[in-house]
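Please keep the sequence and the model in view while reading.

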Amino acid sequence: MTNSLLILPGDGIGPEVMAEVRKIITWIEDKKGVSFDITEDLVGGAAIDEYGTSLSDDTLEKCQQADAVLLGAVGGPKWDDVDYAIRPEAGLLRIRKELDLFANLRPAIVFDALIDASTLKPDVIRGLDILIVRELTGGVYFGEPRGIEDLPNGEKRGFNTQTYTTSEIERVARVAFDLARKRDGRVCSAEKGNVMESGRLWREVVTALHERESFTDVELSHMYADNCAMQLLRNPHQFDVLVTDNLFGDILSDEAAMLTGSLGMLPSASLGAADPDTGKRKAMYEPVHGSAPDIAGQGKANPLATILSFAMALRYSYDQGAIADDLEQAVQNLLGKGIRTADIMADGCTTATTSDMGDALLSELDAIHQKAQAA
Ligand code: NAD
């Protein structure tokens, strides 16, 4: 079975970090006998320069056809003044919208070797492994009516609408329950049902789905989103999978990310509905960081967020969870040896370039692979 993959390196450090993913893919093909059918194309500013738009129709069609899309990052000062409609970020948003990628997965994992990179006390975050599932295509960011209007008294009024339908809530909650089954079996759902009707409906629908679709092996709890923001800092270990809407998810996932302390380490996945015939979901994987124009082209970019995003693709799109485990273990081992790019540098560690990191990771993968073969 071919595993089709569309690579969109994008702008800034995107192409640099993607080159390291390519090394990993070649290693997997050679050593694990899993092959990928790879296509590469342009997105963001690079696509504006070449095609006059940040995502061409042809590239979008390739996104629709691929088992997974792996995106680097888009944007940079060169395109700051382009027309708003074709700005680099518009390409990214168009992929999310057209593929209907409604579930955004943001893991917050604290690697032992990087525990000091967090501003929180080591005891609070040691061994942390939370998965935030954020609804991505609905809620107040898209709800109508919206706008800014003039009032008769000369004031202006800005307004947005928070809306969620039963099916929108169910499909993202289902993803959360499914993922919890492969983890620690716990889902916490966050909303503001104490002050918002949409939050009350959210809680009702999640609770009903939990019963109706026999997710009762998964432990479900509910929390108001403001309390959740506090609990994430107070005792983050109480969470396994956290499911929430678009707005709260935007904020809570950034907060959870910062528990880990390092932008260059954070992967993400955005998933669509499962195909009724194949069970496969449309999917895009991307690091949380941007195109980092300040360090682009200098070999300073940390490629691990993009490599860990590819590990998520291995797990969720290619059913290669064991290789994903090895890749994540290799990252742990590499960090444990003190090999670091500047963004995660600490006393006594060795400075590595983007390419050094990729090479060192290959050595760690080799070591894990050889150990497994010898066993
Ligand atoms: P950024 O994430 O690009 O950079 C923030 C800081 O973190 C910079 O100092 C950068 O050098 C550093 N950094 C980021 N990723 C790193 C990595 N892998 N290794 C080492 N250091 C890293 O955010 P920004 O500076 O606010 O935005 C720069 C551009 O990226 C803008 O055009 C913005 O619109 C765009 N952006 C794109 C995405 C995306 O493609 N998903 C996300 C955020 C920002």
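In helix 8, which comprises residues 225–234, the buried residues are Ala225, Cys228 and Leu232. Viewed down the helix axis, these buried residues fall within an arc of 40°, so they line one face of helix 8. An α-helix has 3.6 residues a turn, so residues three or four places apart point the same way. The face of helix 8 that is turned away from the buried side carries Met230 and Arg234, both of which are exposed. The cover over the buried residues of helix 8 includes strand 8, strand 9 (219–224), strand 10 (241–244) and helix 9 (246–260). The model described here is a predicted one.

Helix 7 can be read in a similar manner. Buried in helix 7 are Ser198, Gly199, Trp202, Val206 and Leu209. Because these residues cover an arc of only 100° around the axis, they lie on the same side of helix 7. Glu197, Glu211 and Arg212, on the other side of helix 7, are exposed. The packing partners of the buried residues are helix 6 (166–181) and strand 8 (186–191). Strand 8 also contributes to the cover over the buried residues of helix 8. After helix 7 comes serine 214, which has a positive phi near 55°.

The description now turns to the chain as a whole. According to the domain assignment, domain 1 consists of 1–105 + 266–375, and domain 2 of 119–260. A distance of 25 Å separates the C-alpha centres of domain 1 and domain 2. Contact between the two domains involves 13 residues of domain 1 and twelve residues of domain 2. On the side of domain 1 that touches domain 2, the elements giving two or more residues are helix 4 (88–98), strand 4 (103–109) and strand 11 (267–274). By class, this side of domain 1 has eight nonpolar, two polar and three charged residues.

There remains the ligand. Which residues of its surroundings are the closest to the ligand? They are Gly75, Gly264, His289, Gly290 and Asn302, out of 22 residues that surround the ligand. The shell around the ligand is made up, by class, of ten nonpolar, eight polar and four charged residues.

Terms used. Residues numbered from 1 in each chain as written. Predicted model: local features only at pLDDT ≥ 70, side-chain atom pairs only at ≥ 80, totals over all residues. Domains from an automatic or database assignment. Contact = placed C-beta atoms within 7 Å. Helix = DSSP H or I, 4+ residues; strand = E, 2+ residues; numbered from the N terminus. Nonpolar A, V, L, I, M, F, W, Y, C, P; charged D, E, K, R; others polar. Near = placed C-beta within 6 Å. Buried ≥ 20, exposed ≤ 12 C-beta atoms within 10 Å, placed from the backbone. Arc of directions from axis to C-beta.
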